[in-house]
Amino acid sequence: QVQLVESGGGLVQAGGSLRLSCAASGRTFSSYAMGWFRQAPGKERELVARIDGTGSSTYYAASAKGRFTISRDNAKNTVYLQMNSLKPEDTAVYYCAAARNFYARYNYWGQGTQVTVSS
């Protein structure tokens with residue numbers, strides 16, 4: 001069982017930056033692939049970025065590539081999402097999630113953190 005708690009969301013102007021954090025419980029954090037997802041009002045939840053257990057493999061959605069960076073610190077049981085050059089269309093609730101491996105279904109979810117980008 002993995003429990004996830006996101007933090008770091010907030011209100012930022014377009015062009016600004018935010019870093020989201022997701023703290024995980026449990027002693028096997030490094031065995032889980034982690035992902036950041038987002039859901040905007042009226043839209044489906046979408047994958048933003050994911051990272052494998054060691055941090056050596058990452059994937060980014062086209063909308064995040066070049067602006068967002070996913071990373072993890074297994075000693076701190078934490079995964080991060082650094083978001084730069086934010087746009088109003090990045091406004092959403094951001095969720096972190098855990099999966100058994102890089103390609104598995106995400107079974108564990110945090111409660112989400114709101115990111116609002118003003119124009």
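The protein chain exposes about 6,200 Å², and carbon and sulfur atoms supply 46% of that area. Accessible areas here come from the Shrake-Rupley method with a 1.4 Å probe, and for residues only the protein chains shown count as cover.

A word on the source. This is a predicted model, where local features need pLDDT of at least 70, side-chain atom pairs count only at pLDDT 80 or more, and totals for chains, interfaces and linings use all residues. Residues are numbered from 1 along each chain as its sequence is written, and side-chain values use heavy atoms, with hydrogens and water left out.

Now the fold. How many helices and strands does the protein chain have? Zero helices and eleven strands. Read along the sequence, the pattern is β-β-β-β-β-β-β-β-β-β-β. The radius of gyration is 13 Å, close to the 14 Å that the globule rule gives for 119 residues, so the chain is as compact as a globular protein of that length. On terms: helices (H or I, at least four residues) and strands (E, at least two) are DSSP runs, numbered from the N terminus. The radius is taken over C-alpha atoms, and the globule rule is 2.2 Å times the number of residues to the power 0.38.

Along its principal axes, the C-alpha trace spans about 40 × 25 × 25 Å. Of the 119 residues, 46% count as buried. Buried means under 20% relative accessible area, exposed means over 50%, and partly exposed is in between (1.4 Å probe, protein chains only).

Next, contacts, meaning heavy atoms within 4.5 Å. Take those between residues at least 6 apart in sequence: 55% join residues at least 24 apart.

On to the core. Which residues have the most contacts inside the largest nonpolar core? They are L4, M34, W36, L81, M83 and Y94, in a core of 30 residues. The elements giving two or more residues to this core are β3 (18–24), β4 (33–39), β5 (46–51), β7, β8, β9 and β11 (113–118). A nonpolar core is a set of buried Ala, Val, Leu, Ile, Met, Phe, Trp, Tyr and Cys residues joined through side-chain atoms within 4.5 Å.

Look at two of its members. M83 is found in strand β8. Is M83 buried or exposed? Buried, at 0% relative accessibility. With that sequence cut-off of four places, M83 touches G16, S17, L18, L20, R67, F68, Y94 and V115.

Now the loops. A62 lies in the loop between β6 (58–60) and β7. At 73% relative accessibility, A62 counts as exposed.

Backbone angles next. Most residues other than glycine have a negative phi. N77 is not a glycine, yet its phi is positive, about 50°. Where is N77? In the loop between β7 (68–73) and β8 (78–83). N77 counts as buried, at 17% relative accessibility. S85 also has a positive phi, near 50°. S85 sits in the loop between β8 and β9 (92–99). At 42% relative accessibility, S85 counts as partly exposed.
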